[in-house]
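This briefing is meant for a reader who is meeting the structure for the first time.

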Amino acid sequence: MAKLETLPNPPMLSFDPATTHNNLGLAYFHIATQVPRLLGTAPESTPLKKALHHHLQAATRWQHQPELRQAAMQSVLQTLKAFYELFGTAGQNQALSSVPAHLLPELLPRL
């Protein structure tokens, strides 16, 4: 059998997990808010929950990059507002229960 060669310095990938989380959040948000309108079906909370989760992950990972963190936090706000629009106060309260407590003072005044 041929021996596999190992590279002394494997190439580095330019992969940012926070960007991936943010993009997943945007995709889930779109699924939650646009697809039911296109199909004429009732919205479901699961895609919005996933959107919120991924945007919170991005905001946490970007805590030392203020501009990127602000973009993620804006998406968190947009998602929380969508919970209210689609599922009322109860839905928004449920969503807020998954937000880390230290972020609530920053988010609540902007809702």
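A residue is called buried when its relative accessible area is under 20%, exposed when that area is over 50%, and partly exposed in between, with a 1.4 Å probe and protein chains only. By that definition, buried residues account for 32% of the 111 residues in the protein. This is a predicted model, in which local features need pLDDT of at least 70 and side-chain atom pairs count only at pLDDT 80 or more, while totals for chains, interfaces and linings use all residues. Residues are numbered from 1 along each chain as its sequence is written, and side-chain values use heavy atoms, with hydrogens and water left out.

**Overall make-up**

- The protein has five helices and zero strands, where helices (H or I, at least four residues) and strands (E, at least two) are DSSP runs numbered from the N terminus.
- Of the contacts between residues at least 6 apart in sequence, 66% join residues at least 24 apart, a contact being heavy atoms within 4.5 Å.

**Helix α1 against helix α3**

- The axes of α1 and α3 come within 7 Å and cross at roughly 155°; axes are lines fitted to C-alpha atoms, for helices over the stretch in contact, and angles run from 0 to 180 degrees between N-to-C directions.
- The two helices α1 and α3 are therefore roughly antiparallel, given that angles under 35 degrees count as roughly parallel, over 145 as roughly antiparallel, 65 to 115 as roughly perpendicular and the rest as oblique.
- The crossing of α1 and α3 is left-handed, a term used if the near helix is turned anticlockwise from the far one by less than a right angle, with right-handed used if clockwise.
- Residues of α1 that take part include Pro17, His21, Leu24, Tyr28 and Ile31, and they belong to a contact in which the α3 side includes Pro47, Lys50, His54, Ala58 and Arg61.
- By class, the contact of α1 with α3 has 12 nonpolar, six polar and two charged residues; Ala, Val, Leu, Ile, Met, Phe, Trp, Tyr, Cys and Pro count as nonpolar, Asp, Glu, Lys and Arg as charged, and the others, Gly among them, as polar.

**Helix α4 and its partners**

- Helix α1 (residues 17-33) packs on helix α4 (residues 66-96) at an angle of about 20°, with the axes 11 Å apart, and α1 and α4 are therefore roughly parallel to each other.
- The way α1 passes α4 is a left-handed crossing.
- On the α1 side this contact is made by Asn22, Leu26, Phe29, Ala32 and Thr33, and on the α4 side by Ala72, Ser75, Gln78, Thr79, Ala82 and Leu86.
- The residues in the contact of α1 with α4 comprise six nonpolar, five polar and no charged.
- Helix α3 (residues 45-61) packs on α4 at an angle of about 150°, with the axes 9 Å apart, which makes α3 roughly antiparallel to α4.
- The crossing of α3 and α4 is left-handed as well, and the residues of their contact divide into 15 nonpolar, five polar and two charged.

**Single residues**

- Thr79, found in helix α4, is buried, with a relative accessible area of 0%.
- Not counting residues up to four places away in sequence, Thr79 touches Phe29, Leu48, Ala51, Leu52 and His55.
- Tyr28, placed in helix α1, is partly exposed at a relative accessible area of 23%.
- Beyond its neighbours within four places in sequence, Tyr28 is in contact with Pro47, Lys50, Ala51 and His54, and the C-alpha atoms of Tyr28 and His54, 26 residues apart along the chain, are separated by 8.9 Å.
- Asn23 also lies in helix α1 and counts as partly exposed at 44% relative accessibility.
- Although 35 residues separate Asn23 and Ala58 in sequence, their C-alpha atoms are 9.1 Å apart in space.

**The aromatic pair**

- The structure holds one aromatic pair, where rings of Phe, Tyr and Trp (its six-membered ring) pair if their centres lie within 6.5 Å, and planes under 30 degrees apart count as stacked, over 60 as edge-to-face and the rest as tilted.
- The rings of Phe83 and Phe87 have their centres 6.2 Å apart and their planes at 50°, so the pair is tilted.
- Phe83 and Phe87 are four residues apart in helix α4 and are therefore separated by about one helical turn.
- Phe83 is buried, with a relative accessible area of 2%, whereas Phe87 is partly exposed, with a relative accessible area of 28%.
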